[in-house]
Each structure stands twice: as C-alpha cells, then as structure tokens.
Amino acid sequence: MSQLTTYPEIENEEISDNSEVDDNFLGETLMEFNTRNEPWFADFANYLVADIIPKGMTYQQKNKFFSDLKHYFWEEPYLFKVCSDRMIRRCVSGSET
C-alpha cells in the first residue's frame, strides 16, 4: 500500500522592493559550504599531480572519490574531465566560470 504525501500549498504574496529576504527555509538543509579558497576540483588535481589523498574522508567518500577520479586527467597546467558525452572539458572555477 503506497502512502500519499501532501505538501503545503505555496502562496504567491506580493512583496515590496524594500523588504528583507527571509532566508529561513523549513525542512531545508545546507549540504556543503566551502570556506576554503581552493577550487572545487583541488582534491582531484592534488591526487593526480602529487598522489595526495584528501584527509578525513570516510570509506564511502574515498570510494566515491576514486570512482569519480577515473574521469579526470592532468595535462600541465590544467585539469580536464572526460564527460559522459565524451567531450573533454577543462575544469575551471571562480571568475573563469
């Protein structure tokens, strides 16, 4: 027997331009917040260039890391990814994005 999940209705209220944004979202969770000044692909590049494994990873995170790593390669001075459409794309971050 399947259960029917009901969600609250979203109401469209007109808000004036000078109102503050309410950033409290019920049921929402922040999954990751990157406070480091490193690009998102730094762990892949560090491993490919210097065999440095990121510290503090769980067993599952290490499995995912090495599974994802097979799609990346280092060609001095850039990191590239072979995507599912077989296109090779250079990894960029920050203002380059």
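How many salt bridges does a search of the whole structure find? The search finds 2, where a salt bridge is a side-chain nitrogen of Lys or Arg within 4 Å of a carboxyl oxygen of Asp or Glu. This is a predicted model, in which local features need pLDDT of at least 70, side-chain atom pairs count only at pLDDT 80 or more, and totals for chains, interfaces and linings use all residues. Residues are numbered from 1 along each chain as its sequence is written, and side-chain values use heavy atoms, with hydrogens and water left out.

**The overall plan**

- The protein has 2 helices and 3 strands; helices (H or I, at least four residues) and strands (E, at least two) are DSSP runs, numbered from the N terminus.
- Read from the N terminus, the elements follow the order α-α-β-β-β.
- Of the 97 residues, 13% count as buried; buried means under 20% relative accessible area, exposed over 50%, and partly exposed in between (1.4 Å probe, protein chains only).
- The accessible surface is about 9,600 Å², and carbon and sulfur atoms account for 51% of that surface; such areas come from the Shrake-Rupley method with a 1.4 Å probe, and for residues, only the protein chains shown count as cover.
- Take the contacts between residues at least 6 apart in sequence: 33% of them join residues at least 24 apart. Contact means heavy atoms within 4.5 Å.

- The 3 strands make an open sheet in the order 1-2-3, with antiparallel pairing; two strands pair if DSSP finds at least two bridges between them.
- Strand 1 and strand 3 are at the edges with a single partner strand each, so one side of each has no neighbour in the sheet.
- From one strand to the next, the twist averages 30°; axes are lines fitted to C-alpha atoms, for helices over the stretch in contact, and angles run from 0 to 180 degrees between N-to-C directions.
- Strand 1 (72-75) and strand 2 (residues 78-82) are antiparallel partners over 4 bridges, and they form a hairpin with 2 residues between them.
- One of the bridge pairs puts Glu75 with Tyr78 of strand 2.
- Strand 2 also pairs with strand 3 in the antiparallel sense, over 3 bridges; here Phe80 stands opposite Arg90 of strand 3.
- In a regular strand, side chains alternate between the two faces of the sheet.

**Helix 1 and its cover**

- Which residues of helix 1 are buried? They are Ala42, Phe44 and Ala45.
- Seen down the axis of helix 1, these buried residues fall within an arc of 160°, so they line one face of the helix; the arc is that of the directions from the helix axis to the C-beta atoms.
- The cover over these residues includes helix 2, strand 1 and strand 2.
- Helix 1 lies across strand 1 and strand 2, and runs at about 60° to strand 1.

- Most residues other than glycine have a negative phi, and most peptide bonds are trans.
- Asp51 is not a glycine, yet has a positive phi of about 55°. Asp51 sits in the loop between helix 1 (42-50) and helix 2, and is exposed at 58% relative accessible area.
- Arg86 also is not a glycine and has a positive phi, of about 70°. You will find Arg86 in the loop between strand 2 and strand 3 (88-90), exposed with 74% relative accessibility.
- Glu76 and Pro77 are joined by a cis peptide bond, with omega about 0°. Pro77 belongs to the loop between strand 1 and strand 2.

**The salt bridges**

- Asp68 forms a salt bridge with Lys64, and their closest N and O atoms are 2.7 Å apart. The two residues are 4 apart in helix 2, which means that about one helical turn separates them.
- Is Lys64 buried or exposed? Lys64 is exposed, at 51% relative accessibility, while Asp68 is partly exposed, at 24%.
- Asp85 and Arg89 meet through their side chains in a salt bridge of 3.0 Å, N to O. Asp85 is partly exposed, with a relative accessible area of 44%, and Arg89 is partly exposed at 38%.

**A look at His71**

- His71 lies in the loop between helix 2 (59-69) and strand 1, and is partly exposed with a relative accessible area of 35%.
- Leaving aside residues up to four places away in sequence, His71 touches Phe80, Lys81 and Val82.
- His71 and Val82 are 11 residues apart in sequence, and their C-alpha atoms are 5.3 Å apart in space.
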